[in-house]
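My plan is to look up the chains, then the details.

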Amino acid sequence: MSDLVKLIIDGVEVEVPKGTLIVDAAKQIGNDIPVFCYHPKLEPVGMCRMCLVEVGFPMRDRATGEFVLDENGKPKLNFGRGLQTACTTPVGEGIEVRTTTEPVKDAQSSVLEFLLSSHPLDCPICDKGGECPLQNLTMQHGHGTTRMVYSDKLHLNKHVPLGELIYLDQERCIQCARCIRFQEEVVDDPVIRFHNRGRRTEIVTMSDPGFNSYWSGNTTDICPVGALTTADFRFGARPWEMKPAASLCTHCPVGCNTTFSTRREAKSGGKHVIKRVMPRQNEWVNELWMCDKGRFGHHYAADSAARLKRPLIRKNGELVEVSWSEALDFAAGKLQQYGTAVAGLSGDRLSNEDLFQFQKLFRKGLKSHNIDLAARRLAGGDVVAKVGLSSGSNLKELGKGDAIIVVASDLHEEAPVWWLRVKQAAERGAALIVLNVRSTRLDKYASHVRHYAPGQAVDAVRQLVNFAKVEGDSNGDALSAAAETAANANNLVIFYGSEGVDYEETAVIAQHLANLLLMKNGDGHAGRPNNGLIPVWPHNNTQGAWDMGVHPAFGPGYAALETPGLNAAAIYEGAANGEIKALFVMGADPVGDGLMADRGQLEFLAVQELFLTETAQLADVVLPAQSWAEREGTFTSGERRVQRYYPAVLPIGDNKADWQILAEIGERVGLGKPAFAASLIFNEVAKAVTQYKGMDYRTLAQVVKQWPDVGGEDGYYAGNAQKNRAGLGQVWASAAESGDAVAYDVAETAVHVNDGLALIRTAALYTPGTLISQSDVLADRLAQPTISLNAQDAAQMELAEGDLIDVNVAGDTIAALVHINNTPAGLMLLSGVPYVAGTAVAQIGQEIKD
Amino acid sequence: MIADKYAEEIEGILARFPHKKSAVLPLMHLAQREYGYMSEDAMREVAGILDLDPTHVLSLAGFYSLFHEEPTGKYVLEICNDLACALRGADEFVEMVCRKLDIPLGGTTEDGLFTVKGVMCLGACDRAPMLQYNLKFAEHLDEEKFDNLIAYLREEAASGEEPPSVVEKIAAYAKK
Ligand code: SF4
Ligand code: SF4
Ligand code: FES
Ligand code: FES
């Protein structure tokens, strides 16, 4: 039986899978049937009538049921059903579609005339003008003239804030409902809807804050007119004035592909500025979407006045501007002065090139393995190297018969696009198993949910894996049913995070989960496409940091070291007690994050940064770095996809790329001539990190044709979501893919028992921080420090909704608002504050009265 | 709060539908009966009972002309001024009505008796100009017939006799 259907479109024969819509079949042979309401990622609704075409259906004899044949012995076609909407009509065997006949042309121009009869035609001041499907299709299919009296047009409000991020121009809306359907069908935030009827139909929201969704910006991309615009771009620039620059989002490990639109403008003193950020299609990563944090949270890079511009050295107690050579000579000299009492701490937002150069400077130049990430939250990079999500996977392919497990993570807040793709997999029929201490937005879509007691994450995971080992032993326990589902799934993808668990616990959890993936029920899951482990890393390039060997115990490519260096905790201790004398901090703020109280006994502190952070303020030398928007490089996503980003704007001040600063220090400590391009450092990476073998800047820039075909010449489907011409990246293969992974012998761990009220810090997408707080547009959405607990616990402590109280967490006092919800008994959730490890014991202090 | 005040009635309504969400219109009628119109709070209450985003309720209130988002007079005169009626003089009729009652379209008379609304086709195009009040149709209208209608309604209001309100009627249909 063939699942393919043959049909003819404008004389061209096409063969497409059964169920394909005519509009998509036509697209596949380059025949662009005009559409407005249709969007390939949304359910078709047939609302706008722009896609009307003639369709001839083979006629059958009523009596015999046989095809009626014409004189040539071919089935006769019946075109008598009137025009059909190509966006809702599926193909059928033997049908013939005509898209250029008079009746079709007449329908197209009539629909356009109808739409334009209440359209303001303010293209000259419209953000969409120049990349507007309505404009383009009117040029292509519309009348050249109007029969309308211009002054008879209905006038409606042109500046309606749907919340402070998205503005609606009511007059421009053509009521295609793409925005409403996106919010409802795709992201399940149905907070915008139509109000009223006919020409007065308008988009409204009643949510608080308005248009309350992490996805709102996407509606401005798919809106086929300029009705929806973002607060930070509207009236900002014309599309043809801007240059696109391919980039990546730096806010979470998903690694959404993005495009910056930049221009040089008088308004900004002749500077190159980023006017907007839009998703760039990568059907393996973010498809056509991105979250609002990525879209609005970029302002720290190019337009923050707080950016450092010149190297600083402390002279007479003051940080003063100096030349690069003075700063570099000073830093290099000091770093060599203390022998092995030197250490380096790095952030995990930097590029692979930066991170590689960082470990090289320490290992090869300063002969020290004392390097680590400044803030360690999630372990298991080495485990991921063995059983990570296989190359050739796409979360989009998961569905019926497959299973996804999410452990200790709130994907909606930590990695929104993963949340979306997991939710969609569950909607396609994949079994979703959620293990966490509390409910998250994933529970709604889950088939198995286990809320374990605070501190018992490891135990719950161990039980799950043990249940899976004993086949068919479903003793009625929810966890054992989940284990059975996971063990028998065709494909198994597991996410694990760090909510409520500390670093050591995450290491154990990763190993247990690896064993589940390696279990040989049937084929074993690890190593096959669409199977494997995905760590919900705290930052966009934590994966890259592991791969590059920014770790005291692993060199590049997970080469285990015989004599490991000091880890971050030991380095902080060493700085406090004087065992470490010189410390180099890159792209991290341990003092601001509460990891380090002060300089301690350090004799030398160097900080390489974008901003004068609290740590930088204590430094002897501050080296100003370029943000990712000012240069090129690569990041590796949590799915281990190595991806390139490109320069978007000119460097700020005299700043240099992190890798370049490190290489120039390296030259001064005997590492030879510095490389002069990021691509050359990446070539070094590809040699040193075995997993990256064969990659270079050209292979990472390869693209293939993607479906749906957005951003093509027609530009119908996605408004201004951009075609990907800059690269899809490459995923490195896990060891399991070549059969080189064996199960872990996981050490038994003691079960935590908490006395008193347990406290867990939970993630919030808009948690205030150095970077996101620089985006004024998000100021009203920043998460406030909040303590959530259930009504009984609150009553017992005499707390009421909205109280402002002091909470003592691991020695720090935090003022937080009380919120009463369904948090499990005996637990308090703290959000809107920087990371707190594991499960802490909380003490509630005084209520703060003002 | 209707949730507390009409707990039993609400439970009865919910029991009639396989999906909670489907009970939204009956609950909106109930809320409108209670508050006289769909205030923002009323919408939030209904949404809260059904676990919906309040925008959903607002959208329905905006779509159906029998829901009012502003306080109304005792009688809501819903005049059809859709295409067919417009061709038979509905626009002039609306103008006359507004002049007589001395209110703009959508307004309410000072005595709180009448609100005039323009609505979409009511399915009586062949008997235009026409209007609907209390779910009753008045058709083939002209100035004289309109004066009579107003006089009649004023009388009814003065007599203190309460006509069954629109929402009660609907609630009664819904119950059947
Ligand atoms: S705002 Fe845009 S996307 Fe939404 S209905 Fe109107 S035209 Fe369509
Ligand atoms: S999901 Fe993550 S990577 Fe994607 S836009 Fe949002 S923060 Fe950025
Ligand atoms: S009706 Fe087909 S695209 Fe709108
Ligand atoms: S147009 Fe007025 S009743 Fe139909």
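These are my notes, in the order I made them.

**Entry 1: what I am looking at**

I noted at the start that this is a predicted model.

**Entry 2: chain A as a whole**

How many helices and strands does chain A have? I found 22 helices and 35 strands in chain A. I then looked up the radius of gyration of chain A, which is 29 Å. The globule rule gives 29 Å for 850 residues, so chain A is as compact as a globular protein of that length. I read the extent of the C-alpha trace of chain A along its principal axes as about 95 × 70 × 60 Å.

Next I checked burial. Of the 850 residues in chain A, 54% are buried. I also looked at contacts in chain A between residues at least 6 apart in sequence. Of these, 71% join residues at least 24 apart.

**Entry 3: the domains of chain A**

- Domain 1 of chain A covers 4-100.
- Domain 2 of chain A covers 112-230.
- Domain 3 of chain A is written in two pieces, 312-378 and 541-694.
- Domain 4 of chain A covers 381-535.
- Domain 5 of chain A covers 758-847.

The contact between them takes four residues from domain 2 of chain A and four residues from domain 5 of chain A. On the domain 2 side, I sorted the residues by class: three are nonpolar, none is polar and one is charged.

**Entry 4: strand β3 of chain A**

I followed strand β3 of chain A, residues 52-58, to its partners. Which strands pair with β3(A), and in what sense? I found β5(A), residues 84-85, joined to β3(A) by two bridges and running antiparallel to it. In that pair, A:Val53 has A:Gln84 of β5(A) as its bridge partner.

Strand β6 of chain A, residues 96-98, is also antiparallel to β3(A), with three bridges between them. Here I wrote down A:Val55, whose bridge partner in β6(A) is A:Val97.

Strand β4 of chain A, residues 77-78, pairs with β3(A) over two bridges, again in the antiparallel sense. I found A:Phe57 opposite A:Asn78 of β4(A).

**Entry 5: ligand 1**

I asked which residues are closest to ligand 1. They are A:Cys173, A:Cys176, A:Cys179, A:Cys223 and A:Ala227. In total, 13 residues surround ligand 1.

**Entry 6: where chain A meets chain B**

I turned to the contact between the two chains. It joins 13 residues of chain A to 10 residues of chain B. On the chain A side, the elements that give two or more residues are β9 (192-195) and β10 (202-205). The largest share, four residues, comes from β9(A). By class, I sorted this side of chain A into six nonpolar, five polar and two charged residues.

**Entry 7: chain B as a whole**

I counted nine helices and four strands in chain B. From the N terminus on, I read the order as α-α-α-α-α-β-α-α-β-β-β-α-α. The radius of gyration of chain B is 17 Å, close to the 16 Å that the globule rule gives for 176 residues, so chain B is as compact as a globular protein of that length. Its C-alpha trace spans about 45 × 35 × 30 Å along the principal axes.

In chain B, 32% of the 176 residues count as buried. For contacts in chain B between residues at least 6 apart in sequence, 60% join residues at least 24 apart.

I noted two domains in chain B, domain 1 (2-68) and domain 2 (75-158). Their C-alpha centres lie 28 Å apart.

**Entry 8: helix α4 of chain B**

Just after α4(B), I found B:Asp51 with a positive phi of about 55 degrees.

Key: Residues are numbered from 1 along each chain as its sequence is written. Chains are lettered from A and ligands numbered from 1 in the order in which they are written. This is a predicted model: local features need pLDDT of at least 70, side-chain atom pairs count only at pLDDT 80 or more; totals for chains, interfaces and linings use all residues. A residue is near a molecule or strand if its C-beta atom, placed from the backbone, lies within 6 Å of it. Two residues are in contact if their C-beta atoms, placed from the backbone, lie within 7 Å. Ala, Val, Leu, Ile, Met, Phe, Trp, Tyr, Cys and Pro count as nonpolar, Asp, Glu, Lys and Arg as charged, and the others, Gly among them, as polar. Two strands pair if DSSP finds at least two bridges between them. The radius of gyration is taken over C-alpha atoms; the globule rule is 2.2 Å times the number of residues to the power 0.38. A residue is buried if 20 or more other C-beta atoms lie within 10 Å of its own, exposed if 12 or fewer, and partly exposed in between; C-beta atoms are placed from the backbone. Domain bounds come from an automatic or database domain assignment.
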